[in-house]
Amino acid sequence: MSEQIRTGRLSVLAAAWVVARRDFTAILFSRSFFFFLLGPLFPVIVGALAGSVGARVQASAEQPQLGVVMRGADIDALLAARARLAPVAGDALPGLVVLRRLGHNETVDTARELAARKGNVAAVLSGNLAMPVLTGPEGLIRDWRGSVSMLAAEARSGKPEAYPEVALKAAATSAASERRGRLTTAQSAQTMLFLLTMMLAGMVLSNLVEEKGNKIIEVLAAAIPMDSVFFGKLFAMLGVSLVGIATWTGAAGLLYLAHGPLFQALPEPAVGWPLLVALGVVYFAMAYLLLGSVFLSIGSMASTVREVQTLSMPVTMLQLMVFFFASFAMTQPGGLMERAAMLFPFSSPFAMLARAAQDPALMPHVLAIGWQALWVLILVRIGARLFRTRVMKSGPARRRKRRWGRRRVTGQLAEAN
Amino acid sequence: MASNAGADPAHVDPRPLAIEASGLVKRFDGFTAVDGVDLRVPVGAVYGILGPNGAGKTTTLRMLLGIIDPDAGSRRILGAERPHDVAHAIGYLPEERGLYPAMKATEAIAFLGALRGLPLKEGRRRAHELLERHGLGYAAERQIRQLSKGMAQQVQILGTLVHRPKLVIFDEPFSGLDALNQGKLERMMRGLAEDGTTVIFSTHVIAHAERLCDDVAIIAGGRVPFAGPVDVARDRIRPQVRLETRAREGAWRAALPADARSEGAFWTFSLPETGVEPLLRALIEGDAGILSLSIERAGLHDAFVAIAGAAAARALEETPEQEQGR
């Protein structure tokens, strides 16, 4: 290394890179990143458990069954027929419950059997296999008539019947259904974008508070411009989040390969899936950078976690409103509301992603991304300026605070001297 | 805003200046924290900014470093008007020390160097070298959280110097250090100056400034009533006479100057402008019984009292160490 005296400074980008590199590796190898990766699993697991339990409850509580009151031989034949047909017909066949096996010449009052309300018995099948009789609510016995007829026929013949192949002929979707489908895709994309953004913006906030707790921020502020500190932190967290998204996408891909599609496929977006995914990543980055820069400014001004929570709550609420605004605007494509949502920086990524799902034009996206990037720059500069003017200060205001709250942990940067 | 004009007009320093600040003003919420500060720090000097807590020391240093901008006045650091333009040549140890707890000592030093433009690889090499040289080689691969507070402070000091700055600014560097480490730091600061590095530090402990500094700025209430060589500050007040007499009363007492104050068997007063001979004659003729008489040059403490006022001196003495160590 040359001993020549070195003066000069790092450029804003080079300084941001130093900060981002440190933050990126520190977060990537921390426990918090592990929990961040697991984060999306929790709602999925809880949702799956709730859905499973709900389905079971619903199945056991609501699945109507057909009570059977026939001669023993007929009942056995019916049960065997149902067992044979079940793999083919599945849920179309009602579940059979044997209410009573009748003796020779024995008769039964089916209305009374039904009134006894044994289990989930919704109707009663009596008579014989040649002339089955269904007793029950009118709508239900009409629905079951075909199935019972099929069961009786199968029970009588004792061998599988041949079922005709049903030819399928797909019809082109209507404009209305296509629009409805794309709206669903747009809604899903917006929701996913919102959830990801909120999760990450919160992380960047806690990262900065931690930084202030480490008392290193003044060293950073003395060595490099605050803009670089902010950009470095924002992009480090963005990098971390992209690693997270890549991990989740990889895991989802593996699940898809192993089990096939887990969810019903969403309708094709207007710009096509590959471009929608690419735009989704860009708009995610923009939404995150916009919100993250606001949270970073808040985090830099607050000195305790409690202060951060207090300050960030209104921003979170506003972000929710922005999300609702963008969601609402999506339902009025081309209208004033949608244009406003596309122009307002914080709702712009959401509105534009929804637009990508509904409109194939690409030029508006180029303009919107430039517009959003400009606002990221503006917000970071404002945040850095606020930090310099409001945080790096000394004087009696600080001492007054201490007098009223002597035990409060305050930021190291406001120390008077 | 007119500046304090704290620099001693009689003293013209021919050395080139590392820092030249003129009329620096900083206000926070209507409160003027720094009010027209002038500083001229010669290259290679050890320069102390001496003042009580709340005097404006940290705010002045932050303005010099470009962490905050002054509301008025100008500054020139190593020839640059914007301090960040010469960031590679500056080292800064803030009053509130802090490093990333999960970082290893070597990485922490290299990171601080990287912020000042030193490539990471070179930073790591130098970090190992510095840690070895300062007896901390065994802690090179330990995380900061595994080090004692004193060791972590030493690591941060090494990180401040790893890029070999031309100008080093320490804010209350001795706070929180034990006597042994204070001594080590003093030696390190002298060594830096001997190598041609300009060292500025703020302190509320006069002894540190007196031992280390060639030049000093006395700051109180956001103003600098004096800035210049320590000797010039001490010469601002007359030498002090300390007299011990056998007799307590007598006509000879009329010969004592008006500022004479009694401390047991001793009298202390400023050396009269007429010199010591007329006084001695009067004492002998008045049979005061002189047991001892010494004439001492004023210390920096006396100079501080004379320059900044008794209230500032009391504030300086009352500044608790834990306040400074935060």
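## Reading the model

Two residues count as being in contact if their C-beta atoms, placed from the backbone, lie within 7 Å. Residues are numbered from 1 along each chain as its sequence is written, and chains are lettered from A, with ligands numbered from 1, in the order in which they are written. This is a predicted model, in which local features need pLDDT of at least 70 and side-chain atom pairs count only at pLDDT 80 or more, while totals for chains, interfaces and linings use all residues.

## Helix α6 of chain A

Let's start with α6(A), which bends by about 40° at A:Arg145; the bend is the angle between axes fitted to the seven residues ending there and the seven starting there. Helices (H or I, at least four residues) and strands (E, at least two) are DSSP runs, numbered from the N terminus.

The buried residues of α6(A) include A:Trp144, A:Val148 and A:Leu151, where buried means that 20 or more other C-beta atoms lie within 10 Å of the residue's own. They pack against β1 (65-71), α4 (72-89), β3 (121-127) and β4 (132-135) of chain A.

## Nonpolar cores

A nonpolar core is a set of buried Ala, Val, Leu, Ile, Met, Phe, Trp, Tyr and Cys residues joined through C-beta atoms within 7 Å. The largest one has 156 residues, and A:Leu220, B:Ile109, B:Ile169 and B:Ile218 have the most contacts inside it. Its largest share, 15 residues, comes from helix α10 (residues 273-301) of chain A. Apart from this core lies another of 22 residues, A:Ala155 among them.

## Confidence

Definitions and conventions: Buried ≥ 20, exposed ≤ 12 C-beta atoms within 10 Å, placed from the backbone.
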